[in-house]
There are 2 protein chains.
Amino acid sequence: MVKLNEETREEYFAKIMKSAVKEELDEFRRLFLELHPADQTEVFLRLEETERRRVYEFLSPEEFAEIFEGLEIDEQKAIAFELNDHYSAEMFNKMYADDVADFFGELQQDHVQDILQAMDNEDADDVRELLMYEEGTAGSIMTKEFVSVKASDTVGDVIELLRQEGPDAETIYYLYVVDEAGKLAGVTSIRDLITSMSDEKIENFMSTRVVSVHVKTDQEEVAQLIQKYDFLAAPVITDHNMLVGIVTVDDVIDVLEEEATEDLGEITASRGSTDVTLTSFQAAKRRAPWIVLLMFFGLGTAEVIGTFEQTLESVVLLAAFIPMVMGSAGNTGTQSLAVAVRALATGTLEKRGFWKTIVREFSTGLLIGIICGIVITLLLGFFYGDLFLGFIVGLSIMISLGVASVIGTTIPLIINKLNMDPAIASGPFITTLSDVISLMIYFSVATSLLQHM
Amino acid sequence: MVKLNEETREEYFAKIMKSAVKEELDEFRRLFLELHPADQTEVFLRLEETERRRVYEFLSPEEFAEIFEGLEIDEQKAIAFELNDHYSAEMFNKMYADDVADFFGELQQDHVQDILQAMDNEDADDVRELLMYEEGTAGSIMTKEFVSVKASDTVGDVIELLRQEGPDAETIYYLYVVDEAGKLAGVTSIRDLITSMSDEKIENFMSTRVVSVHVKTDQEEVAQLIQKYDFLAAPVITDHNMLVGIVTVDDVIDVLEEEATEDLGEITASRGSTDVTLTSFQAAKRRAPWIVLLMFFGLGTAEVIGTFEQTLESVVLLAAFIPMVMGSAGNTGTQSLAVAVRALATGTLEKRGFWKTIVREFSTGLLIGIICGIVITLLLGFFYGDLFLGFIVGLSIMISLGVASVIGTTIPLIINKLNMDPAIASGPFITTLSDVISLMIYFSVATSLLQHM
């Protein structure tokens with residue numbers, strides 16, 4: 001594999017591109033195939049269509065499969081159109097079944113059936129099975145290419161098996177032991193294998209109690225499990241303890257990235273549109289509905305201020321501190337939201353409990369509120385020479401921050417409990433809600449204090 | 001290893017706790033040691049101090065080392081106090097050097113020196129070396145426990161070596177080949193090893209071009225590299241190509257989690273305080289400074305509104321739409337921020353370029369602004385029967401959204417370019433800035449349109 005540092009990288013890539021343009025088959029293959037598949041994909045993406053078509057001639061379907069696996073779904077769709085049916089069927093045969101299933105999940109059903117017909121029966125069956133599992137489950141991210149052995153096999157048998165199957169398996173570091181019926185019976189590792197004698201039977205040193213996940217387990221739970229135990233893979237089983245696949249650590253990394261993007265998208269009301277490669281129109285189409293919806297909710301704030309128009313008319317300066325009261329409450333609510341989202345993602349919330357978390361957040365919000373309240377009262381008293389206005393703003397901020405932190409924590413937790421779409425609990429929605437409530441607090445405090453003036 | 005599903009788990013844990021309380025040494029060891037270290041840690045954390053002290057007697061320092069590695073830093077600090085000096089020195093000898101260094105990094109310097117003195121020389125040297133690397137670099141997260149071999153070794157030699165060193169190494173799946181000087185010369189895998197003849201020399205099948213990272217490389221870059229190539233580990237080298245350690249995939253998962261938490265903390269101004277296990281006082285202490293600081297920035301909004309007091313006095317109803325204009329701009333800015341943060345984290349930004357991204361975001365913001373502007377103008381014309389007010393609000397929203405999306409994208413990118421602390425670009429800071437600007441736009445539009453009335 002070629003090691004490419006920043007300097008040599010572009011030079012090397014340029015050489016490959018040149019050989020593709022010049023149609024130098026041997027030179028192209030020599031340079032290109034020495035690259036890591038991830039780098040091959042990168043070079044491939046730089047080519048124009050005419051050169052890409054040349055690549056399909058230069059490389060076998062098996063060689064091209066590794067490039068195809070590295071493409072994004074949208075890129076895969078575009079490229080698949082450039083391949084002839086025979087070439088692509090061969091390529092899908094050689095790809096990992098889970099990657100094929102991911103791609104097929106995005107295609108039209110009848111088109112998928114056509115391709116499956118053209119593929120080898122055995123490979124097609126693997127893909128068909130994976131397509132049955134719901135997105136986001138262990139079944140949907142598992143791979144079918146794992147090594148399974150029998151308890152009665154000897155170390156020598158297994159090493160012979162690895163020589164044959166090793167190159168095709170996604171990982172050979174764990175070897176799963178199944179009984180005649182295909183049920184998961186134990187696990188051993190290649191580490192144990194090489195420290196054992198060649199005629200030793202697997203059953204003598206395998207461990208019979210295996211940590212596994214069910215095929216319907218949520219992918220986030222699988223990721224947490226693998227992370228907790230520092231596994232490189234976890235076996236996936238059905239209701240009847242049948243071993244049907246494994247989830248490997250590189251899939252888990254992708255899941256974690258996906259979930260982090262999702263969390264960020266939720267907190268910023270930009271779910272599904274944080275991808276920088278979208279066009280302005282695509283991005284606006286996905287993001288505008290959230291902003292418009294939030295704007296409608298924002299009418300609530302206009303309602304509240306409209307209700308207190310009289311108070312506002314008597315002291316117009318009250319309007320000057322609307323953004324500050326709202327802003328402080330919104331910021332505190334967002335902090336609480338971040339705590340809740342993180343606690344849900346890392347599983348610490350379950351350890352700690354629902355009520356304890358809410359009480360902790362309320363106390364935190366109130367403490368911050370007291371600090372801010374005192375600071376702003378003194379500041380306005382000193383800065384604007386208006387201690388009374390300062391007191392109105394200070395007291396409102398104190399109460400609002402306590403309330404906002406409860407809103408920020410409670411709503412995502414409730415939504416999580418109800419298994420509803422957590423997008424509703426996104427940062428902007430929480431901020432809008434806390435805007436309305438903090439305005440009501442502000443004007444109520446102001447109205448009642450002004451009456452006593 | 002015991003497989004614990006939800007039902008058997010608590011039961012099994014209860015049995016262990018009972019044996020600890022009853023001081024049944026053999027029963028405790030039998031049940032406890034069959035657990036995965038991650039589960040051992042979980043049980044250990046449930047024990048009271050008297051029982052914990054019993055565990056230190058029941059388990060050898062080596063056995064306890066695995067539990068200690070699983071604790072959070074704060075927990076480690078508390079527990080370390082309960083151990084006698086000899087026991088803890090022995091335990092640190094048996095821990096992975098990177099875990100020891102992580103813990104020592106949090107202790108007082110003179111205390112660290114005392115413990116290092118009490119440790120075995122060789123183990124202490126590994127830790128000393130790791131302590132030298134700056135936090136957040138490859139050096140700080142790498143492990144020293146890797147297997148290195150010589151190019152002239154035969155497969156048989158290496159398998160013999162693995163039998164001896166295997167149990168201590170963090171991973172044996174990649175075998176790094178070094179020359180006499182300790183320079184990285186190649187890599188091979190256990191996969192290649194078992195498919196080769198016993199008398200074959202490593203140099204005949206190793207790959208000589210290894211993807212490696214420099215000891216000072218940022219940990220986020222290391223994570224991206226391992227993710228890109230689906231590696232299980234990456235070798236860490238110095239300026240002179242000396243192999244000094246490896247970064248394993250489980251460390252990378254922790255880095256990714258850490259970075260996701262950091263991103264979320266930045267976007268919500270709650271950096272370093274999203275941990276739900278902090279007390280209210282600790283959380284308030286860390287979070288209040290941000291809120292107070294943002295409140296001071298919020299004085300800017302009060303200034304702007306104060307400046308336009310006259311306009312506001314002539315049409316008090318203008319105040320009612322302050323939150324909506326500010327809110328829509330803030331939400332759009334936050335979306336753009338999410339896009340920028342995600343693009344920086346996943347490295348897609350570099351592929352796409354700085355200006356292209358900003359232009360894309362500006363167009364997106366403007367498009368959303370046009371949609372929102374038309375909707376709100378019509379709505380206020382219809383709902384409030386005030387088309388003129390609707391036009392003021394609509395036009396302001398349109399301009400504000402375009403500007404806010406540029407702010408939301410540009411500021412994090414600039415801060416990233418300047419290598420400054422990105423916390424300044426957090427969501428609330430961007431929102432506060434966009435608040436001030438959108439208010440200025442709103443009141444300027446209102447003032448000039450009212451003049452022409």
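1. The lining of the second largest cavity in this predicted model comprises 5 charged, 3 polar and 3 nonpolar residues. The space in this second largest cavity amounts to about 90 Å³.

2. Residues of both chains line the second largest cavity: A:E257 comes from chain A, and chain B supplies B:E220, B:Q224, B:Q227, B:L256, B:E259, B:A260, B:D263, B:R342, B:A345 and B:T346. Two or more lining residues come from each of α14 (219-229), α15 (249-267) and α18 of chain B. Of these elements, α15(B) gives the largest share, with 4 residues.

3. Chain A is divided into domain 1 (6-141), domain 2 (148-248) and domain 3 (280-451). In chain B, domain 2 (148-248) and domain 3 (280-451) each contribute at least three residues to the lining of the second largest cavity. Within chain A, a distance of 50 Å separates the C-alpha centres of domain 1 and domain 3.

4. In total, 6 cavities of 30 Å³ or more are present in the structure. The largest cavity has a volume of about 540 Å³. Its lining consists of 39 residues, of which A:N331, A:T431, B:G330, B:N331 and B:T431 are the closest to the centre.

5. Helices of both chains form part of the lining of the largest cavity: α16 (280-307), α18 (322-346) and α22 (427-451) of chain A, and α16 (280-307), α18 (322-346) and α22 (427-451) of chain B, are the elements that give two or more residues. By class, this largest cavity is lined by 22 polar, 15 nonpolar and 2 charged residues.

Terms used:
Residues numbered from 1 in each chain as written. Chains lettered and ligands numbered in written order. Predicted model: local features only at pLDDT ≥ 70, side-chain atom pairs only at ≥ 80, totals over all residues. Heavy atoms only, no water. Domains from an automatic or database assignment. 1 Å grid on protein atoms, 1.4 Å probe; cavity = no way out; pocket = protein on both sides within 12 Å on 5 of 7 lines; lining within 4 Å. Points joined across faces, edges and corners; volume = space filled by probe spheres on them. Nonpolar A, V, L, I, M, F, W, Y, C, P; charged D, E, K, R; others polar.
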